[in-house]
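Here is a short briefing on one protein model. Start with the structure, then read the points by topic.

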Amino acid sequence: MAISAATPPDTPKEVLLEFPDNRLLIDLCGEYDRNLAHIEQQFSIQIARRGNRLALIGEEDAALAAARVLNALYARLESGRPLEMGDVEGEIRMGDSAMMAKAPDGGQIEMFKGGPVEIRTRKKLVEPRTEAQKAYVKSLFENELCFGIGPAGTGKTYLAVAVGVNLFLDGKVDKIILSRPAVEAGERLGFLPGDMKDKIDPYMQPLYDALSDFLPGKQVAKLIEDKRIEIAPLAFMRGRTLSEAFVVLDEAQNATSMQMKMFLTRLGKGSRMVITGDRSQVDLQRGVVSGLHEAE
């Protein structure tokens with residue numbers, strides 16, 4: 001695709017993009033040009049379609065930034081990947097300016113280069129949509145122990161489980177172990193009926209939900225039956241050595257200091273461990289110190 005810019009004085013700048021495949025251009029524009037409309041709104045520019053060209057009219061910096069987004073989205077379509085509104089929003093946030101991001105320990109994590117960051121699973125292709133998520137995914141692939149700390153809805157657990165499934169399918173770990181403290185969130189649920197699995201499943205449901213996004217339901221059930229996927233409360237980790245496994249501790253802000261120390265010492269040979277949590281959502285009883293706070 002070609003880019004050219006016309007810059008007469010005292011007028012809005014115009015950036016021209018040319019796309020060789022009209023079929024992909026239709027997908028790029030979206031139904032009723034909704035992708036273009038969203039980009040127009042985000043960058044405060046106008047986009048005019050002229051055959052297989054798009055003219056971006058507005059402030060020069062905004063037009064060039066929008067051009068980079070459109071080129072990246074077109075490259076995504078050329079590679080055969082689908083394009084949804086979430087991908088458009090993610091590319092707008094991602095941009096191409098920040099190639100370095102701060103790691104949780106204050107060091108630098110060099111960003112992936114030479115293509116998109118992708119997590120391949122059995123059911124879908126998962127891509128981080130912000131620079132922070134991109135750095136987080138790189139850290140998950142490269143480190144034995146990783147902390148993912150941030151507010152709800154930022155993809156901490158979802159991306160960790162996706163990476164775990166990817167490594168499991170590639171044969172780099174033998175099992176996936178997902179755990180979280182069985183702590184009620186602000187209300188007393190009382191006694192739950194059924195056997196032990198029935199009692200703990202309500203606490204573990206978010207982890208089942210994440211798994212079902214990446215693996216077919218029958219395969220998840222079979223792997224759980226074969227104990228190659230384990231979903232269990234944190235208390236059940238005591239006394240174990242977790243080897244050749246990808247281990248995720250979710251909602252770690254609700255682990256006590258003793259539980260956190262116990263969990264961190266479970267890491268065995270060939271394993272990777274991810275600890276996720278949100279400092280603002282501690283549900284421990286008053287006066288009990290969060291183990292996540294101390295681990296930081």
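Leu234 sits in the loop between β11 and β12. The model is predicted. At 1% relative accessibility, Leu234 is buried. The points below begin with this residue, then turn to cores, aromatic pairs, charged residues and backbone angles.

**Leu234 and its surroundings**

- Setting aside neighbours within four places in sequence, Leu234 is in contact with Ser179, Arg180, Pro181, Leu249, Ala255, Gln259, Met262 and Phe263.
- Leu234 and Ala255 are 21 residues apart in sequence, yet their C-alpha atoms are 8.0 Å apart in space.

**Nonpolar cores**

- In soluble globular proteins, nonpolar side chains tend to be buried together.
- The largest nonpolar core holds 33 residues, and Leu178, Leu211 and Ile231 touch the most other members.
- At least two residues of this core come from each of α5 (131-142), α6 (156-169), β10 (175-180), α7 (196-214), α8 (217-225), β11 (229-233) and β12 (245-249).
- Helix α6 gives the most, with eight residues.
- A separate core of 28 residues includes Val15, Ala63, Ala67 and Met85.
- Leu211 touches Val161, Val165, Leu178, Val220, Ile229 and Ile231, not counting residues up to four places away in sequence.

**Aromatic pairs**

- The count comes to two aromatic pairs.
- One of them joins Phe19 and Tyr74: it is tilted, with 4.8 Å centre to centre and 45° between the planes.
- This pair links distant parts of the chain, 55 residues apart. Phe19 is in the loop between β2 (13-18) and α1 (22-29), and Tyr74 is in helix α3 (residues 60-78).
- Phe19 is buried, with a relative accessible area of 0%. Tyr74 is buried, also with a relative accessible area of 0%.

**Salt bridges**

- The structure holds 16 salt bridges.
- Glu118 and Arg81 meet through their side chains in one of these, at 3.1 Å, N to O.
- Glu118 lies in the loop between β6 (108-110) and β7 (119-120), and Arg81 in the loop between α3 and α4 (85-94), so the pair ties together parts that are 37 residues apart in sequence.
- Glu118 is partly exposed at 23% relative accessibility, whereas Arg81 is buried at 14%.
- Asp213 forms a salt bridge with Lys124, with the closest N and O atoms 3.8 Å apart.
- That pair connects distant parts of the chain, 89 residues apart: Asp213 in helix α7 and Lys124 in the loop between β7 and β8 (125-126).
- Asp213 is partly exposed at 29% relative accessibility, and Lys124 is partly exposed with a relative accessible area of 34%.
- Arg180 forms a salt bridge with Glu251, with the closest N and O atoms 3.5 Å apart.
- Here strand β10 holds Arg180, while Glu251 is in the loop between β12 and α9 (257-264), 71 residues apart.
- Arg180 is buried at 11% relative accessibility, but Glu251 is partly exposed with a relative accessible area of 23%.
- Salt bridges that share partners join Arg76, Arg81, Asp87, Glu118, Arg120, Glu127 and Arg129 into one network.

- Glu230 lies in strand β11. Glu230 is buried, with a relative accessible area of 15%.
- The side chain of Glu230 makes a polar contact of 3.1 Å with the side chain of Lys175. Another polar contact, of 2.8 Å, joins the side chains of Glu230 and Arg240.
- Leaving aside neighbours within four places in sequence, Glu230 is in contact with Lys175, Ile176, Ile177, Leu178 and Arg240.
- Asp278 lies in the loop between β13 (272-277) and α10 (291-295).
- A polar atom of the Asp278 side chain lies 3.4 Å from the backbone nitrogen of Ala152.
- Not counting residues up to four places away in sequence, Asp278 touches Gly150, Pro151, Ala152, Gln253 and Leu292.

**Positive phi angles**

- Asp33 has a positive phi, near 60°, and is not a glycine. Asp33 lies in the loop between α1 and α2 (34-43). Asp33 is partly exposed, with a relative accessible area of 33%.
- Glu244 has a positive phi, near 50°, and is likewise a residue other than glycine. Glu244 is in the loop between β11 and β12. At 29% relative accessibility, Glu244 is partly exposed.

Technical notes. Residues numbered from 1 in each chain as written. Predicted model: local features only at pLDDT ≥ 70, side-chain atom pairs only at ≥ 80, totals over all residues. Heavy atoms only, no water. Helix = DSSP H or I, 4+ residues; strand = E, 2+ residues; numbered from the N terminus. Polar contact = N/O pair within 3.5 Å; in protein donor to acceptor, adjacent residues only side chain to side chain. Contact = heavy atoms within 4.5 Å. Core = buried A, V, L, I, M, F, W, Y, C linked by side-chain atoms within 4.5 Å. Buried < 20%, exposed > 50% of the residue type's maximum accessible area, 1.4 Å probe, protein only. Phe/Tyr/Trp six-rings, centres within 6.5 Å; stacked < 30°, edge-to-face > 60°. Salt bridge = Lys/Arg side-chain N within 4 Å of Asp/Glu carboxyl O.
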